[in-house]
Every structure is written in C-alpha cells, then in structure tokens.
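Hello,

Here is the structure for your files. My notes on it follow below.

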Amino acid sequence: MEKRECMRCGVELPYGSLIYLANIRVFADFDGVILDSEEESDPPLEQLLEQIQEADPKDLEKEVYEEFTLVLCKSCRDRFVHETQHPWEGSFRLPKGPGRILH
Ligand SMILES: [Zn+2]
C-alpha cells in the first residue's frame, strides 16, 4: 500500500488511523440578472470569443467548476475549519438559518 500523508503538513497517516477529508467544490453561479449596460466598458462579443478560443479549455473549465479532496490530519482539519470560518480577510458570513444556501 502506498504511504498516506496529510496534504497540508505532510505527517504520515497510517492506514487504520482516523483521517479527515475535505471535499471542495468551487463553481460559478449566475443570479439571472442581466444588467442593461449602455457603457462601452464591456469588451465587444468578438473580442470575448477570441479570448475564449485562445484560452486553455482546462483553465476555462476550472473557472466554471473545480472539485478536489484534501486528506488531512486532525490538527490540520481543525486549522482548516477555523481558517475557513475565520480567514484573514474576515470571516465568511455563513448563514445561520435555513433557506440561504442556493445549491
Ligand atoms: Zn496535517
């Protein structure tokens, strides 16, 4: 069996021991609101299409949807959860009640 390690600190996680998995899904969302913009600040459609054609399809896909799993030890799990809830920019405003999460 291949050696298993915490993906954050690198400590060995022997088989049979408790590990923590963090499934991360990051995806683009659209609220359905299309703003009527008369300003010329938006690039023309042809330019956008050109940028899309030149971009790496994998990068474009990642921009829309990315999913990965972290394998963590207990200590890194605790830190990960704390940092997610209290990042340096300020805490995420996690909804307290039901009905706020769309997906
Ligand atoms: Zn760790």
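E83 and R79 both sit in helix α3, 4 residues apart, about one turn of the helix. Helices here are DSSP runs of H or I with at least four residues, strands are runs of E with at least two, and both are numbered from the N terminus. This is a predicted model: local features need pLDDT of at least 70, side-chain atom pairs count only at pLDDT 80 or more, and totals for chains, interfaces and linings use all residues. Residues are numbered from 1 along each chain as its sequence is written, and side-chain values use heavy atoms, with hydrogens and water left out.

The side chains of E83 and R79 form a salt bridge at 3.0 Å, N to O. The cut-off: a side-chain nitrogen of Lys or Arg within 4 Å of a carboxyl oxygen of Asp or Glu. By this rule there are 5 salt bridges.

E83 also pairs with R8, at 3.9 Å, N to O. Shared partners join R8, R79 and E83 into one network of salt bridges.

How exposed are these three? E83 is partly exposed, with a relative accessible area of 35%. R79 is partly exposed at 46%, and R8 is partly exposed at 40%. The classes: buried is under 20% relative accessible area, exposed is over 50%, and partly exposed is in between (1.4 Å probe, protein chains only).

Another salt bridge joins K74 and D78, at 2.8 Å, N to O. Both residues lie in helix α3, 4 residues apart, about one turn of the helix. K74 is partly exposed at 45% relative accessibility, and D78 is partly exposed at 31%.

**Zinc site**

Which atoms hold the zinc ion? Its protein donors are the SG atoms of C6, C9, C73 and C76, lying 2.3 Å from it. Donors are N, O and S atoms within 2.8 Å of the metal (3.2 Å for Na, K and Ca); water is not among the atoms, so sites may look incomplete.

The site is tetrahedral, with angles of 103 to 115 degrees among its 4 donor atoms. Four donors count as tetrahedral if all angles lie between 85 and 135 degrees. Ideal angles for four tetrahedral donors are 109.5 degrees.

The donor residues are spaced C-x2-C-x63-C-x2-C in sequence. C9 is partly exposed at 47% relative accessibility. C76 is buried at 3%.

R4 lies in the segment before β1 (20-27). R4 is buried yet has no salt bridge. The nearest side chain of opposite charge, E12, is 8.3 Å away. For charge, Lys and Arg count as positive and Asp and Glu as negative; His and the chain ends are not counted.

What does the side chain of R4 reach? The backbone oxygen of P14, at 3.1 Å. Not counting residues up to four places away in sequence, R4 touches V11, E12, L13, P14, Y15, G16, S17 and I19. Contact means heavy atoms within 4.5 Å.

K3 is also in the segment before β1. K3 is exposed, at 54% relative accessibility. K3 and L13 are 10 residues apart in sequence and 7.8 Å apart in space, C-alpha to C-alpha.

Best wishes

Key:
Polar contact = N/O pair within 3.5 Å; in protein donor to acceptor, adjacent residues only side chain to side chain. Tetrahedral: all angles 85-135°; square planar, octahedral: opposite > 155°, others 65-115°.
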